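Thanks for coming, everyone. Please have a look at the model on the screen, and I'll walk you through a few spots.

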Amino acid sequence: MTRIVIIGGGPGGYEAALVAAQLGAQVTVVEQEGPGGACVLTDCVPSKTLIATSVRKQALLDAASVGVHFDGGTDGDIGGIMVEMPLVNKRVKELAQAQSADIAARLAAEGVEVIRAKGRLVDPQVVRAGDRTIRADVVIVATGAYPRVLPGAEPDGERILTWRQIYELQEMPEHLIVVGSGVTGAEFAGAYRSLGSEVTLVSSRDRMMPNEDADAAEVLEEVYRRRGMNVMGRSRAASVKRTEHGVVVTLEDGRTAEGSHCLMTVGMIPNTSGIGLEEAGVRLDRGGFVEVDKVSRTSAPGVYAAGDCTGVLMLASVAAMQGRIAVWHALGEAVQPIRLATVASNIFTDPEIAAVGVSQRQIESGEIEANVVKLPLATNARAKMQGFNDGFVKLFCRPNTGIVLGGVIVASRASELVLALSVAVQHRLTVDQLAQTFAVYPSLSGSITEAARRLMSPLTTVI
């Protein structure tokens, strides 16, 4: 029986463990924090739970636009609906623990051993887990990553925070300064603004989320400004210091921003140091990420890696797929190398931003030739009924064959809508096939089939 030891119990680790157990391997997962790892316990699951609460409140604030008012007077007044922060954060933490328990139960049901300890690679076939030494035929490293800290802006867990510390707050931040306008910063900034905090978002670039679709980022920034957020572009933070009653963020150009709390969202560092990887022959890149090929192999024989520690794409879905691919390859099963061009991603802002396949940037640079159509949600009947005024559906296809290459959706629950585009990209469907598929009327998904019909037209512009 093949013995597989997995260091790390996040999505890359526990999904690999489940596949390995189902294929008859003897599996041990070494995880210090608990099943689900940081993704479930401190990162993805807690943040999306918090965001779900903020979206509920924003819906109440927007209710007046569809004729619903509340006694006590809250037709748009952000102070009229109370948020009990201790209860919000209690629910966030309890839900994360419940999800971890569900994962633990599933692993136990499949016969997977879980050791609560820090794992270390002694050599390519030996793992040290606490006071135990385990010999393995295959090792999978899935140790994740942790929040990057800027010198001069070290978190104290009270006023200067990472996203892993913010759930300990017992009061709503009066004025939250978010440093970093990437995906994580944008998500937390929007959530806390909707919950009731005054929010300043400090962005070192010209716009929010500079690595995402420019049209989508523009829509979101417009929404945020309309809701009263102060978005500071071209503003790189130099330091963050506590004051008597809050914090002061000093920018590199000498300007300052003062608030009650500061949330640092300035990237991730892989959990790869001090666990014996390089000594065992596992090659790391300059950023400390594990170098892997498209079937998750590292430079050390019999050692694979998955998830954020590889830096491939820091998404739970990618980590899980990397873990599954590692197991399939290690056990000699039929396997396809990971195809990053088919990865769907979602930014859990309000509205959400979902994307799959090629990007607008690739098309505009001439790297890929494509036909493009963009339909604003303002023309969609269901969006009008629900009071959604912001967002769009954008679709890309090959000029001659009409094969769907990708798309972007900005909408409420875009994370659910993007599946149709993911299926089309994965299976190389054409816009004709997508256009001839029934969509419910009225529905937001109707804009996807409408976009496909527009791309069937010979008048579509080629970019």
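Let's start with a word we need: buried means under 20% relative accessible area, exposed means over 50%, and partly exposed is in between, using a 1.4 Å probe and protein chains only. Next, helices (H or I, at least four residues) and strands (E, at least two) are DSSP runs, numbered from the N terminus.

Two ground rules. This is a predicted model, so local features need pLDDT of at least 70 and side-chain atom pairs count only at pLDDT 80 or more, while totals for chains, interfaces and linings use all residues. Residues are numbered from 1 along each chain as its sequence is written, and side-chain values use heavy atoms, with hydrogens and water left out.

Now helix H13. It is mostly covered: seven of its ten residues are buried. Those are Gly446, Ser447, Ile448, Thr449, Ala451, Ala452 and Leu455. What covers them? Contact here means heavy atoms within 4.5 Å. The cover includes strands S21 (371–376), S22 (392–397) and S23 (404–411). It also includes helices H10 (414–417), H11 (419–426) and H12.

Is Ala439 buried or partly exposed? It is partly exposed, because its relative accessible area is 30%. Leaving out residues up to four places away in sequence, Ala439 touches Ser445, Gly446 and Thr449. The C-alpha atoms of Ala439 and Thr449 are separated by 7.0 Å, and the two residues are ten apart along the chain.

On a 1 Å grid over the protein atoms alone, a pocket is an open set of points with protein on both sides within 12 Å along at least five of seven lines. A cavity is a set of points where a 1.4 Å probe fits but cannot get out. Lining residues have an atom within 4 Å of a point. Grid points are joined across faces, edges and corners, and a volume is the space filled by probe spheres set on the points.

The second largest pocket has a volume of about 270 Å³. Of its 15 lining residues, Asn380, Gly446, Ser447, Glu450 and Arg453 are the closest to its centre. H13 (residues 446–455) gives the largest share of that lining, six residues.

On to cavities. The structure holds one cavity of 30 Å³ or more. About 50 Å³ of space lies in the largest cavity. Which helix supplies the largest share of its lining? H5 does, with four residues. Helix H3 (44–61) and H5 each supply at least two. The lining residues include Ile51, Glu187, Tyr224 and Asp350.

Rings of Phe, Tyr and Trp (its six-membered ring) pair if their centres lie within 6.5 Å; planes under 30 degrees apart count as stacked, over 60 as edge-to-face, and the rest as tilted. The count comes to one aromatic pair. Tyr167 and Phe188 form it, tilted, at 6.5 Å centre to centre with 50° between the planes. Tyr167 is in the loop between strands S9 (160–161) and S10 (175–179), and Phe188 is in helix H5 (residues 183–195). Both Tyr167 and Phe188 are buried.

Last stop: Gln322, in helix H7 (residues 316–330). Gln322 counts as buried because its relative accessible area is 3%. Beyond four places away in sequence, Gln322 touches several residues, among them Val292, Ala306 and Ile338.
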